[in-house]
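Reader: Could you walk me through how to read strand pairing and surface features in a model like this one?

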Amino acid sequence: MLKKKRLKNIPEVNKTVEQVKQPQPTAQPSLLQDVIKLLIKIAAIALAFVLVFSFIFGAYRYNDLSMSPAVKDGDMVISYRWDKRFFNNDLLVFWYNNKPNVSRVIALEGDEVNIDSRGLFVNGTRLSEPNITKETTQVKDAVQFPLIVPKGEVFVLGDNRDIAIDSRTFGCVEIEKTEGKVIGLFRHRGM
């Protein structure tokens, strides 16, 4: 008797088959709706990609020999725009003559740079650069040495010192005008 009372108090048990609502079959989306959803997803991914590479990262095709052999002509350089804390030997991207330029940081603000017949000196110490095969020389009718790097600027040089257009020619680079630190490099393979 006790069991009957409990069953009577449960509303689902007392319903008849007609009272139980059957789930209605949903209509399958049409091919056109599927295509529209797919195109919206593709557009969202493309927009996210463009936003990321417009505001966070930079991608540049490097068409110069100034950084050879570290960065070769035709390589794709990836930079991180939000990191502008440079240290010696960092590679950075900046614009010069309306094209992206990649150079190596040699001296930071407050450092004294001197280039003479004995070589490249930073704060009185000759730099040892085992990957640089050519001597670092001054450029005629350009920056005069010794030079103190101004606040908010860095002194940069290209690795291929014979042909590089760098701080020996145009002076120090303002940190705020750089495109960021190089974080990746894709080699050009003749594609």
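Author: Happy to. This is a predicted model. Glu112 belongs to a pairing of strand E5 (residues 112-116) with E8, antiparallel and built over two bridges.

Reader: What is the order of the strands in the open sheet that holds E5 and E8?

Author: Two strands count as paired if there are at least two bridges between them. Here the order is E7-E6-E5-E8, four strands in an open sheet with antiparallel pairing. Strand E7 (125-126) and strand E8 (147-148) are the edge strands, each pairing on one side only.

Reader: Nice. Which strands does E4 pair with, and over how many bridges?

Author: Strand E3 (residues 91-96) runs antiparallel to E4, joined by six bridges, and Leu92 has Ser103 of E4 opposite. Two residues lie between these strands in their hairpin, where Asn97 takes a positive phi near 55°. E4 is also joined to strand E9 (residues 153-157) by three bridges, again antiparallel; there, Ala107 has Phe155 as its bridge partner.

Reader: Is strand E4 mostly covered or mostly open?

Author: A residue is called buried when its relative accessible area is under 20%. In strand E4 (residues 99-107), eight of the nine residues are buried, so the strand is mostly covered.

Definitions and conventions. Residues are numbered from 1 along each chain as its sequence is written. This is a predicted model: local features need pLDDT of at least 70, side-chain atom pairs count only at pLDDT 80 or more; totals for chains, interfaces and linings use all residues. Side-chain values use heavy atoms; hydrogens and water are left out. Buried means under 20% relative accessible area, exposed over 50%, partly exposed in between (1.4 Å probe, protein chains only).
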